[in-house]
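Trainee: I would like to go through this model with you. Could we start with the terms and then move to the fold?
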Amino acid sequence: MKKLMLACAATALISTGAMAQSTVVTTTTGTGHAAVQIEPEYRTKIRTYVTEHKVRPVETREKIVVGQPLPREVELESVPADWGPSLTKYRYVYSGERVMLVDPSTRTVVQEID
């Protein structure tokens with residue numbers, strides 16, 4: 001019985017540790033758009049990446065807003081793997097001191113990282 005309880009406790013600890021490593025949480029807003037919540041440590045990694053790699057900001061006529069699609073002329077950049085495995089399905093643009101995560105299938109901005 002003790003071995004069974006220890007095994008269950010070890011399994012619970014391992015699964016909790018795996019969940020704690022999650023980069024993002026995706027929820028759906030009342031408007032039907034996905035809202036992406038990024039943990040603070042990954043926000044820092046993203047800002048550091050943009051600064052260290054001297055990513056050139058894009059210029060657009062329209063303001064880039066979460067929940068709205070980007071104009072077709074805006075080039076989307078691939079998300080680096082070190083931003084976290086949950087983010088690699090997105091693309092990004094850097095504009096006005098902000099990194100905007102974009103769903104590449106709809107070109108909709110899903111998160112702003114300032």
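Mentor: Let us start with burial: a residue counts as buried when its relative accessible area is under 20%. Please keep in mind that the model is predicted.

Trainee: With that cut-off, how many of the five residues of strand 4 are buried?
Mentor: Four of the five are buried, so strand 4 is largely enclosed by the rest of the structure.

Trainee: And strand 5, how many of its six residues are buried?
Mentor: Five of the six residues of strand 5 are buried, so that strand is mostly covered. Over the protein chain of 114 residues, 33% count as buried.

Trainee: What does the secondary structure come to?
Mentor: The protein chain has two helices and six strands. Along the sequence, they follow the pattern α-β-β-α-β-β-β-β.

Trainee: Which strands form the open sheet, and in what order?
Mentor: Four strands form it, in the order 3-4-5-6, with antiparallel pairing. Strand 3 (77-78) and strand 6 (108-113) are at the edges with a single partner strand each, so one side of each has no neighbour in the sheet.

Trainee: How many bridges hold strand 3 to strand 4?
Mentor: Two bridges pair strand 3 with strand 4 (residues 91-95) in the antiparallel sense. The partner of E77 is Y92, and the partner of S78 is R91.

Trainee: What does R91 stand opposite in strand 5?
Mentor: R91 stands opposite V102. V102 in turn has V109 of strand 6 as a bridge partner.

Trainee: How many bridges join strand 4 to strand 5?
Mentor: Five bridges join these two antiparallel strands, and one of the pairings places Y94 with V99. Strand 5 and strand 6 also run antiparallel and are joined by five bridges.

Trainee: What about the turns; how many residues lie between strand 4 and strand 5?
Mentor: Two residues lie between them in a hairpin, and G96 in the turn has a positive phi of about 60°. G96 is exposed, with a relative accessible area of 54%.

Trainee: Switching to helix 2: what does it lie across?
Mentor: Helix 2 (residues 40-52) lies across strand 4, strand 5 (98-103) and strand 6, and runs at about 90° to strand 6. Helix 2 has 13 residues and spans 18 Å from first to last C-alpha, close to the expected 18 Å.

Trainee: Which residues of helix 2 are buried?
Mentor: They are Y42, R43, I46, Y49 and V50. These residues cover an arc of only 125° around the axis, which puts them on the same side of helix 2. An α-helix has 3.6 residues a turn, so residues three or four places apart point the same way.

Trainee: Which exposed residues does the face turned away from the buried side carry?
Mentor: That face of helix 2 carries the exposed residues P40, T51 and E52. Just after helix 2, K54 takes a positive phi of about 45°.

Trainee: Now the packing: which residues touch the most other members of the largest nonpolar core?
Mentor: Of its 17 residues, I38, W83, L87, Y92, V99 and L101 touch the most other members. Strand 2 (34-38), helix 2, strand 4, strand 5 and strand 6 each supply at least two residues of this core. Helix 2 gives the most, with four residues. Another core, of eight residues, lies apart from it and includes L76, V93, M100 and V102.

How values were computed. Residues numbered from 1 in each chain as written. Predicted model: local features only at pLDDT ≥ 70, side-chain atom pairs only at ≥ 80, totals over all residues. Heavy atoms only, no water. Pairing = 2+ DSSP bridges. Contact = heavy atoms within 4.5 Å. Axes fitted to C-alpha atoms, helices over the stretch in contact; angles between N-to-C directions. Buried < 20%, exposed > 50% of the residue type's maximum accessible area, 1.4 Å probe, protein only. Core = buried A, V, L, I, M, F, W, Y, C linked by side-chain atoms within 4.5 Å. Expected span 1.5 Å × (residues − 1). Arc of directions from axis to C-beta.
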